[in-house]
Amino acid sequence: MNKIKTFKELEEFRNKIINNRKNNTSTIVVCGGTGCKASRSKDVIDALKKEINQQGISESVHLRTTGCHGFCEQGPLVVIEPKNIFYCHVSPDDAEEIISKTIQNNETIERLLYIDPVTGKTIETETEVPFYKSQDRQILSQNRQVDPCSIDDYIAIGGYNALGKALLDISPQSIVQEVIDSGLRGRGGGGFPTGRKWAECREAPGNEKYVICNADEGDPGAYMDRCVLEGNPHLVLEGMIIGAWAIGANQGYIYVRNEYPLAVENVRIAVKQARDLGLLGENIFGTSFSFDIEIARGGGAFVCGESTALMASLEGRVGEPRPKDVHTVIDGLWHKPTTLNNVETWANIPNIIQKGSSFFASKGSKGSKGTKILALTGCIKNTGLVEVEMGTPIKTVVYDIGGGAPKGKNIKAVQTGGPSGGCIPVDKFDLPLDFDALYDAGSMIGSGGVVVMDENTCMVDVAKYFLNFLQDESCGKCVPCRLGVDRMLEIITEISDGRGKLEHISLLEELGETISYTALCGLGKTAANAVTSTLNYFKEEYEAHIKDKKCPAGVCQELISYSIDPENCTGCGVCLRGCPHEAITGEKKKVHSINLELCQKCGICRSECKFEAIIVN
Amino acid sequence: MIQEVTVNINGALIKAAKGTSILDAALDYGICIPHLCRVPYVEDLGACRLCIVEHVVNGRSKITTSCTLLVQEGMVVLTNTDKIRKLRRNLAELLVAEAPNSRAIQDIALRCGVRDVRYPFRNNDCVLCGRCVRVCTGKLAEKPLGFVGRGKNRRVEFPFDLRSELCNDCGRCIELCPMTMPACDGMMKPGEEHLCGNCESKLSDDDLALGYCVGCYFGEGFHCERSPN
Amino acid sequence: MSKTSIDSILEGRRSQPNQLIEVLQDIQEKYGYISEENMFTVSKELGMPVIDVYSVASFYKAFSLKPRGKNVITICTGTACHVRGAKLILNQASGQLGISSGEMTDDGQFTVEHVNCIGACALAPVVTENDTCHHHMTPGKLRKLIKSIQKKDTEEVANE
């Protein structure tokens, strides 16, 4: 394959691809992201392929498998270009109809269209779907347009133009200035001004420098980076090459967590394709700039999302953070100046170079520019990935985009920022989603995870869950995190089990403060946030557990007991069969009963009962 | 020529060689900063967090460990503010609740101002200070001792029973271990752990408040060079 | 497990201690766990003390130091899954198989593990069984899944 050495050659390459596709009358786009994949989108793809071949139209109809589109609740998703007809919940059996009706005859299939829950009407095109309409999909929109394993697709939509511009038209210092002017802040959780980081690294003494892409997305409930890396790896590569040029690095690493094998595979393919075209490796775009990327896998440790722990892991050691009295931009990987940025941060760079820093800065709020991808999950109708302008109020995301809670439940709070973040109660949903507002409210945007919680979520249990998670993931090096988080978990378990005392609340607050000031790394420093924010906004729940020995949400096992409501019980026996502890007895069609001595309160019966006959006391 | 810089610790102007940590500079001068995981002449980890100080930059204080903070010309550091004392006391309280059966740990707790322990006592025989790991060299320069596991499961081990093959029997690990001396009242039974408090009466309030070195026997357990022994 | 069987994994990585995690990943993938013998070989071939290999192998969750069961059931306990009842599913697995997370059944058929988020949050609760990802799981669905695996394995043994 001929390497691309000039801007003109890139354009010619692009025109050739577009030319080769001019016979396409339509393109069928099938989402192959993790969500749709688990809903067997692969079978849909196979069925469509077969149908296209059978009907002999493979010359004019192109089938494109892409990464995640974001509307995971409605998958498998199929979009028909160029009109962008939007079909959801597609099954392999629909393939024949899609080809004969929509492709051959331009007819839309009513039953596959999305129904707007507010108006009850069907919606034909993707852009009209309310879920997408309220978003600003600067990055995510590209996922529909590219097959992640095709560099041709990426170049066809204008990919690597920004790289050409950066290498051939702009000086490295000017690139750094553009990034500073854009106001881009780190998207991985830290929110540090990216331009400033690049400037410091560029000025650090030394000829050997590194850039790293942190794809160790460990926040439970967050999968934005996964979708960008799996669905559009070239976007991230392009950002990294531009960054390396600006900073003066010749070697880069992408550190992908172990639990994302598809992302590892797709980015490996992308790196090879980029190398083949001369966009990575020696003399990129015919210049004297050489840069290459190596892929490294994580070992299953949340703490390796912390920059110094990640670098230790890259060096083949245990992922223990080290004190950052000297920043990693000066003393990083192998003690050399290193710029580490998150996947989404790198993904924003090509747009900033191509469209200019003022375009990026025109979006967002005063201190938080641009857009942010959020993972909206939990007790919400429209779970999925969402990209909005920074500063969008929480209520817009939860209600307009998310559609509110399913089954008419009342939403109580959102948890943002993963284990390092906190909970924001529903009466504060007017707050904008930006770095500073959420930080002032006791939480943070973090990497973008937004978990919605309803009235059946116990906030003490939520705090306990996060403390448990952090205790599991703590590296164990420093006293405040290893012992402090453990003791906080011990205390909160006492509260959750009904043995709490009022002094426990002030002890939790004091211990939380101590850990936040003295811990060695970010994991420890933010470990107490879950407790602090729930104590701040939901103190009544803690007090109910302590004073009344009650769990208002009916979650904490030690404080509840289950019984069967004789009015609703139909004697179907589902609970009896489901109970792993054989605590339920009863005859067919007669009211069943629970033996409280055998009952372990695991809650399985309650989740299986279709008649709501299991009550929580 | 070793370059010297002047730093300001608690108002005292101290000269120290470049590359020295604030902790070493302070101890040399006679200012007591409690510490546990520090071993003289061995690389500092900043793991126990007891040696925290306030590093004042542009009027704002940053809390950091003095063992990893290297001296720089004009640096201003406060080692004994109310905030630092409170944080240090809480950390020491966590340590002594974990391993009360050691004289050194009890002494550190007392020196940091712990009087009551608000957590249920446990009776661990290792506080994971890492001193043994960092001084161990073993035979054939093949380090036999190390940390394994993570978080709550972190422990110090010889892997696969290799002790007999690789251990030098130099005894440095035992010498430096803070757990080797039991509390003054002797070994406590599980469930009967407590702060013995014997030394408390022997100390004046001045000794504890000022942060100056009193050449106390408290330093023995963790090998503070200034302790009389 | 003779030395030659991890030769291919060590190819091109000898005397490079920074390749330790990649090497261990490949050993884990091939054998399902990291044996003591393999740790010694890696220590020798990569050029680092065996305690360092052991430290790394015991630090990262991806590595198992004990053999794992024939069927590995991994339950996601991320926030989204937790809020949608992952605990119930964990209880179901423990109750039905009689083991806690991280353990293997006595007959070596099943290992139950939990993972802190595999990133399929929209489909919570999620359970991975060997390489298949099951979504919107309920305790009932898991009960049926385990039963069907048990049935299939018994049939295989009967056919041998």
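Start by selecting domain 1 and domain 3 of chain A: their centres, taken over C-alpha atoms, are separated by 29 Å. You are looking at a predicted model, in which local features need pLDDT of at least 70 and side-chain atom pairs count only at pLDDT 80 or more, while totals for chains, interfaces and linings use all residues. Residues are numbered from 1 along each chain as its sequence is written, and chains are lettered from A and ligands numbered from 1 in the order in which they are written.

**Chain A, domain by domain**

Colour chain A as domain 1 (24–132), domain 2 (151–361), domain 3 (371–454), domain 4 (459–547) and domain 5 (561–616); these bounds come from an automatic or database domain assignment. Between domain 1 and domain 3 of chain A, seven residues on each side are in contact (C-beta atoms, placed from the backbone, within 7 Å). On the domain 1 side, five of these residues are nonpolar, one is polar and one is charged. Here Ala, Val, Leu, Ile, Met, Phe, Trp, Tyr, Cys and Pro count as nonpolar, Asp, Glu, Lys and Arg as charged, and the others, Gly among them, as polar.

**The sheet in chain A**

Next, show the open sheet of four strands in chain A, with the order E9-E8-E7-E10 and parallel pairing. Strands are DSSP runs (E, at least two residues), as are helices (H or I, at least four), numbered from the N terminus; two strands pair if DSSP finds at least two bridges between them. Strand E9 (292–297) and strand E10 (338–342) of chain A each have a single partner strand, so one side of each is left without a neighbour in the sheet. Zoom in on strand E8 (residues 251–256) of chain A, which six bridges join in parallel to E9(A).

**Where chain A meets chain B**

Now select the 24 residues of chain A that are in contact with 22 residues of chain B. Helix H19 (459–473), helix H20 (479–496) and helix H21 (503–518) of chain A each give two or more residues to this side, and H20(A) gives the most, with seven. The chain A side divides into ten nonpolar, six polar and eight charged residues.

**On to chains B and C**

Switch to chain B, where you can trace seven helices and seven strands in the pattern β-β-α-β-β-β-α-α-α-β-β-α-α-α along the sequence. Finish with chain C: select domain 1 (3–59) and domain 2 (71–159), whose C-alpha centres lie 29 Å apart.

Key. Two residues are in contact if their C-beta atoms, placed from the backbone, lie within 7 Å.
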